[in-house]
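Visitor: I'm new to this structure and would like a close look at just one part of it. Could you pick a single piece and walk me through its surroundings?

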Amino acid sequence: MPRNPRTNEPPDPRDPGTVRARKPLDRRQVVFLVAFVVLLGGGFTLLSLNAVDRVFVVPFTALVAKVSGWLLDVIGQDVTMRGTQIVSPRFAVDIKNGCNGLETVVVFASAVLAFPAAWRTKLFGLVGGIAAIQVINLVRVVALFLTGAYFPSFFDSSHTVVWQSIVVACGVLLFLVWASRWAAPRPPQHAEAQT
Amino acid sequence: MPLLRFLRNTLLWAIPATLLWLAITPTYNRFLARAAENAVQLTESPNHTTLKRYDQHNFLIYRDDLQGQTSTGHVSSVRVTSYHFMLIFTAAIFLGVPDTPLRRRLESLGWAALVSAFFHIGALLFRIKFIYATQLGSWSAEHYGAFGQNFWGLGRHLLDLPFRFALPLLLWSCFYLDRLLPDLVRSEATGALPRTKRRLAKDSTNSPRD
């Protein structure tokens, strides 16, 4: 690995001028990947258990539906709630499992828990990230309802492609932001050099 | 990693990635359907399964030994596009990585796309076998035991949502996770443990610099 000729220090990976040769996966990378896959599989298997579905997923989905209905009411939509259904004279939508943002939450939480960071930092990331994902998911449900009501021909692609991509992308980007800003703090030497 | 540049680059690369994805989707759907059909036929003897295009995104699943037993002629349908729209995000985060030559980013993306293609075929295989194993009533019960039903069911459940959504991050982590772990490179060079390295670095900031 080339060293800085002036200071004889190893190159800093955050240095914009640093171009690294491709190297095999590092041990910590492998540990992260294995832990991520195991947590992901475990998390989704847990969510698919009948007891968890009955006790947590179904009530949570109903809560998402209720809050979404309230938000639509606030922005002037004439909606009524029937269980997990949001109904208006123009359009009706049933909030089901898969519309509650829990998939993205599991992906995000698995990545955070698998990442080598302090537990307090992980806890901070989990709380902030899950809250942010749920806010984004509420925006998604409201936007999808409005799309169905006013642009019905776009509803299908918005539902299955556009908003799913956006919510998952936000979850992944939130993880990357957390990991690079909070979980992996800048080395003090480098931080000083930047000031 | 320069985070703001990465986020900006990712957003900008999402535009050409979306256009390219829209352009290749019809062809890629046909390729995936054909590959999944072949993969399913590997599990059959003789071959029974055929996937026929219904529209740009959907394919109908036919089994020649069940032709007369369904009112519609086909067993079920599958929306192939749903399996690969995350390619847009994969391309955007691979191409958005700052301070890496474009050629290397494209090379990494090529590997990621190849792995993704195999993943899409596998996910479609599990989806179709899940339908056979659990969704065809007495025919399913007759041809698949409890283990088969659980195997194809769990596989489909895991590949359909969690790994489909997590695949871009998993692949990105294989190539670029060390951007988030600066200690890796530094400790490699110095032989020091990351925690020791941080302590040393902290000490050095307290001492006068040259």
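Guide: Let's take one helix of chain B and then look at what lies around it. Bear in mind that this is a predicted model. Our pick is helix 6 of chain B, residues 162-176. Its 15 residues reach 21 Å from the first C-alpha to the last, close to the 21 Å expected at 1.5 Å a residue. Still, the helix bends by about 35° at Pro168(B).

Now, is helix 6 of chain B enclosed or open? Twelve of its 15 residues are buried, so the rest of the structure largely encloses it. Pro168(B), where the bend sits, is one of those buried residues, and others include Arg164(B), Phe165(B), Leu169(B) and Trp172(B). The cover comes from both chains: it includes helix 1 (27-48), helix 3 (102-114) and helix 5 (155-183) of chain A, along with helix 2 (87-95), helix 3 (102-134) and helix 5 (146-160) of chain B.

One contact makes a handy way across to chain A. Leaving aside residues up to four places away in sequence, Ala111(A) touches Leu169(B), as well as Phe36(A) and Phe175(A). Ala111(A) also belongs to the largest nonpolar core, which has 70 residues. Ala111(A) is among the residues with the most contacts inside that core, together with Phe108(A), Phe175(A), Ile88(B), Ala91(B) and Ala92(B). Helix 5 of chain A supplies the largest share of this core, 13 residues. Apart from this core lies another, of 21 residues, including Ala36(B), Val78(B), Tyr83(B) and Phe130(B).

Definitions and conventions. Residues are numbered from 1 along each chain as its sequence is written. Chains are lettered from A and ligands numbered from 1 in the order in which they are written. This is a predicted model: local features need pLDDT of at least 70, side-chain atom pairs count only at pLDDT 80 or more; totals for chains, interfaces and linings use all residues. Helices (H or I, at least four residues) and strands (E, at least two) are DSSP runs, numbered from the N terminus. The expected span of a helix is 1.5 Å times one less than its number of residues. The bend at a residue is the angle between axes fitted to the seven residues ending there and the seven starting there. A residue is buried if 20 or more other C-beta atoms lie within 10 Å of its own, exposed if 12 or fewer, and partly exposed in between; C-beta atoms are placed from the backbone. Two residues are in contact if their C-beta atoms, placed from the backbone, lie within 7 Å. A nonpolar core is a set of buried Ala, Val, Leu, Ile, Met, Phe, Trp, Tyr and Cys residues joined through C-beta atoms within 7 Å.
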